[in-house]
Amino acid sequence: MKRASLVLLTLILVLATGLSACAPAPATPAAPAEEAEPAAPAAEAPPALDVVKWEYPASFGGVTINLVGDAGHNLKPYEFWKGDFEKVGITVQIIEVPFEGVYEKEKTEFVAGTGAFDVVTFYPAYIGDFAGNGYLEPLDEYMAKDPAGAWDPNASDVLAPFWELYCKFGGQVYALPIDGDVLMLMYRKDLFEHPDEQAAFKEQYGKDLAPPETWDDWLQIGEFFTREAGETLAGETLERDFYGSAEFAKRGFSFAWFVNRWAAFGEPYFDENMTPMVNSPNAVKALQNMVDSLKNAPPDVLGYGYDELRDAFIKSNVAMVVQWTDVPKKGADPTQSEIAGKIGVGRVPGWEVGGQVVHRSLMPVGRVVAVAADSKNKEAAYWVAKHVSYDRSLEDVSTALTGLDPYRTTHFTNPQAYKMFPTAEEAQAYLKGVEAAMADGYPEIFIPGAAQFEDSLDLHVNKALAGQETPQAALDAVATEWDETTDKLGRDAQIDLWRKALEAYRTLGLIK
Amino acid sequence: MRRMTRLEAAVTAGLLIAALIFFMFPVVWMFLTSFKSEAEYFHYPPVFIPKDFDFRNYFNAMAFPPDGRGGLQGLRDSLIIATATTLVAVLIGSLAAYSLSRFKTGGDNFSFWILSTRMFPPVAAALPLFLIFKQIRLLDTHLALIIANTIFNLPFVIWLMKGFFDELPGELEEAALIDGCSQVGAFVRVALPLVTPGLVATSLFSFIFAWNEFMFALLLTRRNVRTLTIIVPSLVGGHEILWGEIAAIGTIAIIPGILLSILLQRYLVRGLTLGAVKG
Amino acid sequence: MRDRVAIPQGGPAGYPGEARRSASGRSRRRSVAILFVLPAALTLLAITVFPLIYELRLVFMSWELTTNAPARFVGLQNLIRVLSQDGRFWTSMRVTAILMIGGVAIQLSIGTGLALLLNRLGSRRTLLVSLFLIPVMIAPVVAGFQFRMIYHDQFGPLNYVIELLTFGQWGGFAWIADPRVALFSILMTDVWQWTPFLMLIVLAGLQSVPVELYEAAEVDGASPWQTFWRVTVPLLLPVIIIGILIRAMDSFKLFDIIYLVTGGGPGNVTETISFYTYLQGFKFFSLGYTAAMAFIQLIIITLIAQFFLRFQRQQRGEV
């Protein structure tokens, strides 16, 4: 027994060596060798569509571009178009970071000045942080290079809110779009068009049943469609409870569903002097509307994030939701969706302001690519970014192999590319909805400190939803915290940046 | 020990079964999910038994990210890091623990300083550690993670082993010393064999802590090294959670731990009597 | 050799070699003592000294990395703000305390109970022990995703089983969405994951209790209950206290499950201190403030640890 510990140690040693021997040899830093490994099956790629005109620049002569982005299918375009990059002497080496950790990882490497990345994929809410800190290369000069076919990213083709608010900072271009996230309305076409329901609605509310135009309609229709198991819905007896509407009410992005309701009043996050507008009477009304809407939502709605909200809709539990634009794509797939072919899309509801209804839909998340200021191969890095943002972008956003969403006019005028829809008409209807939503697009906070401002907002909106605070108290707390944050970050500098942001708001007509 | 009466045996069995249900339910759920198809993840009523036990989620997970080697690379890197961390931490940790327990080296303050290094919130330690590893050019290597994990595991190993040594009556080693053993000999031949169960438990947890570590794995690696804990959240795209693939990786990831625990349990069995020291 | 071994009286460890008082023996002992401790001490020192100084300096600075303003000295302002103005810090501390006290208490009772049961099974338990250990082996990230499914109100298996068992009378809770039960649900995931840890430590401790002590107790005519409290518990106490201490310390790090399952919500009912520290450190990049929060936590954990260790010393003195 005295040898017990020795035996134990030996065992662990044997196990360790054995296991590391089974594993493939440790990777050496020499990356090109790995690239040659034939282990990976040739990446499935969408067919080249060649809808837009572009050309190759002169070869960059065998450079390696380190590209960082959130892991998963949104990095697939760099595999799809590997051949294009090889043709101009570029090897794209992908560094994948889990979705949850992209900002931390990129920021840490930037702060430490490691120069590890050439092309950076990030969420545009951080553009103020990244561009303002000088981590990113201004792109205007590269965009203007000759020949235009090789260098021009055709910015005029990108829907204006996304380009003006998410790619530029302080008047200069710092990023190119690759994923155009925006929220839109989606509803159960079959229910809204069912004659029994239309008649019942007319009788109850004295008006026609139609997709909600205002947030007051949202509450009314939500109430109308909320039924218990055993009641009838569209002529069929319900086996389980059915709900009128649902929200993203979990911590994280619940603030976005509030901003949808607030922004239509034409009030930006702050005024000219960085005084928070978030506790205005209109804002309180908006939050009250969101709180009220939970009555018509499933009982676990406070646990609804993106996935739960999507599933509640496509598993036929709710009649309407506001969601990211990729939900109808999944909803059209009968293997996953119980409502394939029954989805209608439209503009996010709004408020009547000055005699007409104003709609705003938040553009949460989204993805842009930028060139790191300390990259050693900026031209090649820029071309990689431009190639996925423009040349091959229709292919990337129209395939089911990625999760990227459309953001350019050409993406909306080519419904034939979207093969996940059974008919071109369905694709057309979907794209029209997305285009309209994008045109209503409203930005997240994108000045430095965005994460902090949005976290305050999200926390208190969520407290109001959970009944911990009244809407007024919640938004007052947000205003106080926003002021503290502004002071902490440096009020004068923040005011400067915010005024520039307001100019972009004005250009787009988001405020008067 | 007395033998159990029939009633006692029945109660024991009942309690163990109840505990098994509680502790195994999520595990079984994960295992079953690893075979489900997309339509079966969220379904009413919930699908417990998938239609067919197909390994596609496993293949997808092992070849997941675009470069097609994610899961395998994760498995390899996690094994290297967790094994090396365990070896280093347990080896130098037990020595230190013995010294602290028997000789009170450095006194209470010294041993408390060791423990306190585990108390510091990792979020705050992350940036300075990153700067160190950048300076010594160890970013994106196995060694960086082995070092980082060792720092957080060492206090654990030292304190737990100190507890086991404290539990051990010191008279045994004294007898050995009188017999002419050296201090080192008393440690290796007398003390260590007697705390083998503790050593096993400590090693196992040291392995598991390193195996499950996430934050340093996120910050200190890029491309050459990617642990399983990095691969799992990578399966959550911005718009899509690959439930089946996550469950598949989760299932694979517990295999080394289970094997290790079965293997090591030989040393976790009663039977050590004082007389056994004689060998 | 056996006949010369005295059966210890269940007291604390004695120190070998104490009987011999020769000077050379003492210096040899000292050199062995230092030699043994050196590798661990140097490793820790080498890697932790820089981060510690770096962070300590930051406590007195305001350094907001999201803007390009340089760091500036602000004295005690960060500490004062955390302690007196940051309600969120204290709320999250309270959540953490509930999880820590509730979690450790439940884990210790179930873990000890299981260890005692398993201990009686002898070598037949191998497979059982391995099964019980699986929860700790599942990475918190993976466990978080499993619980998101299990706790799901409509599609989750937990509510489905509840519904079956109550014959449809009760559909269960919205486990993570209901502000009244969300914290309890999180607590249960922690209990599920970490009970096996304490179980194995106690089991290992039980294995190290020399059989002779039990035999001696039996000869003295002690009942099993008396044996448990008078022989087993005092001997296991050092290990159990360290187990508790480690769990208590680690509950300040409970993060992944919160992050993946509730995001701190609904409202802030499940926002733990580690989640809030993470936001300050890695989302807001307020480095000075994060450092202040980190040191305050370090002090609080130190106080808790000292309490346990003092208790341990007291126990040792009493026996």
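**Exercise 1. Describe how chain A and chain C meet in this predicted model.**

*Solution.* Start with the residues: 36 from chain A are in contact with 37 from chain C.

Next, turn to area. The size of an interface is often given as the accessible area lost when the parts come together. Here the two chains A and C bury about 3000 Å² between them, with 51% of it on carbon and sulfur atoms. On the chain A side, the residues that lose the most area to chain C are A:Glu104, A:Arg251 and A:Lys488, together 19% of what that side buries.

**Exercise 2. Work out which polar links join chains A and C, and which elements of chain A take part.**

*Solution.* Begin with charge pairs: there are six salt bridges between chain A and chain C. One of them joins the side chains of A:Arg251 and C:Glu271, at 2.5 Å from N to O.

Now look at the elements. Helices H5, H6, H15, H21 and H22 of chain A each give two or more residues to the side that touches chain C. The largest share, six residues, comes from H21(A). Sorted by class, this side of chain A has 13 nonpolar, 10 polar and 13 charged residues.

**Exercise 3. Decide how H4(B) and H9(B) are oriented to each other.**

*Solution.* Take the geometry first: H4 (residues 70-103) and H9 (residues 183-194) of chain B pack at about 105°, their axes 12 Å apart. Angles of 65 to 115 degrees count as roughly perpendicular, so H4(B) is roughly perpendicular to H9(B).

Then find the residues. Those making the contact include B:Leu95 and B:Tyr98 of H4(B), and B:Ala186 and B:Phe187 of H9(B). By class, the contact has six nonpolar, two polar and no charged residues.

Note on methods. Residues are numbered from 1 along each chain as its sequence is written. Chains are lettered from A and ligands numbered from 1 in the order in which they are written. This is a predicted model: local features need pLDDT of at least 70, side-chain atom pairs count only at pLDDT 80 or more; totals for chains, interfaces and linings use all residues. Side-chain values use heavy atoms; hydrogens and water are left out. Contact means heavy atoms within 4.5 Å. Buried area is the accessible area (1.4 Å probe) that two parts lose on being put together, summed over both. A salt bridge is a side-chain nitrogen of Lys or Arg within 4 Å of a carboxyl oxygen of Asp or Glu. A polar contact is a pair of N or O atoms within 3.5 Å; within protein, one must be able to donate a hydrogen and the other to accept it, and residues adjacent in sequence count only if both atoms are side-chain atoms. Helices (H or I, at least four residues) and strands (E, at least two) are DSSP runs, numbered from the N terminus. Ala, Val, Leu, Ile, Met, Phe, Trp, Tyr, Cys and Pro count as nonpolar, Asp, Glu, Lys and Arg as charged, and the others, Gly among them, as polar. Axes are lines fitted to C-alpha atoms, for helices over the stretch in contact, and angles run from 0 to 180 degrees between N-to-C directions. Angles under 35 degrees count as roughly parallel, over 145 as roughly antiparallel, 65 to 115 as roughly perpendicular and the rest as oblique.
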